[in-house]
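Let's take a friendly walk through this structure together. Have a look at it first, and then we will go through it part by part.

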Amino acid sequence: MSEKKTLEEIRGIAQKKLMGICGVYKICDGDSMRICQGQSYGKPLRFGGIGTGTSFYNNVDALKRYKLKMRLIGEHFEADTTYNFFGNKLSMPIMGASVAGVNSFGGNEVITEKEFCRAVVLGCKEAGTVGWRGDTYTYSLDNTYGIDAISEANGWGVKIVKPREQDTIIKFYQKAEKIGCIAVGIDIDGCGSFAMSSHGKPVFRKSFNDIKQLVASTNLPVIIKGVMCLEDALAAVKAGASAIVISNHGGRVLDHTPGTASVLMDIASKVKDKVRVFVDGGIRTGYDVLKVLALGAEAVLIGRDIVRAAVGGGIEGVCIHMQYLQKTLAKAMKMTNCRNLNEISSEILLYNI
Ligand SMILES: Cc1cc2nc3c(=O)[nH]c(=O)nc-3n(C[C@H](O)[C@H](O)[C@H](O)COP(=O)(O)O)c2cc1C
């Protein structure tokens, strides 16, 4: 049997394979000097942020403004990071984000879409958590890479569909339901998708009634991803959504949005007793995870780092990456006096000091 790779080795392989596309830097923040940036001057979006990259940058910057209050005098404990996700016990409140379209930034030499989906779904499962799957212009009702991978994992996954025509979304949901997916959803911010619009696949803003129709179309919990304001959060709740994801799509759909950590607390405090609140954007370590849980999210999604892990190490790479995140979260919880997820609150945060 071959030796288990280290996270550093996996990232080293990804760095070689993603040469010219992603620097696999120690800090992934959308800074204008990073090789992924430059769309406002004609570079393709690939792995970067839209336009000037400000939304991407703001995600990381917003997290940086929060500091952790170290609190150590008290009984010894090892933190319990287990999390209940729609009735399923996960090892951590950290999941693989619904990223799709690896062909658009590397082609099949880097990783095929099929292998990428398998890596995320099966790698997350091996680490005791869940891989979400996305949607892009290469996907169709006959080409459902994400759903196929979730099917291979016996339904252990979440399928997010772009805001296509209602009928098409509902057909995707029916397929997901048939294979026993845990939940489905829609990335409402995908109506700003560069990849879809530039390949002649129409995407739409969705009305309140559209969301209601989607919720009514399936027995699965429906997740609304791409919420950045209280108005949308309240509309999602009213339409019957089971969860929302506070997300700006990793800064890829609208330039000059705030970082997700900046809007999270205000939104979560008003809706978290009515709907599950997840968040993503710039979350790279368990320390970041702890910060957003303290701001009111109940779980998080990991985007770009999951791509790098999948490119560098496939299923094993994703599993090792998720295990690393679980370990740093457990460490951060121990050092801030949080025995389990319920004990995490904004008390452990210090802002802008
Ligand atoms: C290359 C790429 C492709 C993405 N494709 C999708 C997608 O198909 N559906 C979706 O809901 N989100 C998509 N996202 C957004 C992610 O799900 C997630 O919101 C974001 O990556 C989180 O930010 P992070 O990359 O800084 O962790 C994509 C992100 C990237 C970087």
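In this predicted model, eight strands form an open sheet with parallel pairing, in the order E4-E11-E10-E9-E8-E7-E6-E5. Strands (E, at least two residues) and helices (H or I, at least four) are DSSP runs, numbered from the N terminus, and two strands pair if DSSP finds at least two bridges between them. Strands E4 (94-96) and E5 (132-133) are at the edges with a single partner strand each, so one side of each has no neighbour in the sheet. E4 pairs with E11 (residues 299-302) in the parallel sense over 3 bridges; Gly96 has Ile302 as its bridge partner there.

Helix H5 (residues 166-178) packs on this sheet, where it touches E6 (158-161) and E7 (183-187). Contact here asks for C-beta atoms, placed from the backbone, within 7 Å.

Now for two helices. Leu230, Ala233, Leu234 and Val237 in H8 meet Asp266, Ile267, Lys270 and Val271 in H9. The residues of this contact divide into 6 nonpolar, no polar and 2 charged. Here Ala, Val, Leu, Ile, Met, Phe, Trp, Tyr, Cys and Pro count as nonpolar, Asp, Glu, Lys and Arg as charged, and the others, Gly among them, as polar.

Finally, the ligand: by class, its shell has 8 nonpolar, 11 polar and 6 charged residues.

A note on reading the model: residues are numbered from 1 along each chain as its sequence is written. Because the model is predicted, local features need pLDDT of at least 70 and side-chain atom pairs count only at pLDDT 80 or more, while totals for chains, interfaces and linings use all residues.

Note on methods:
Axes are lines fitted to C-alpha atoms, for helices over the stretch in contact, and angles run from 0 to 180 degrees between N-to-C directions.
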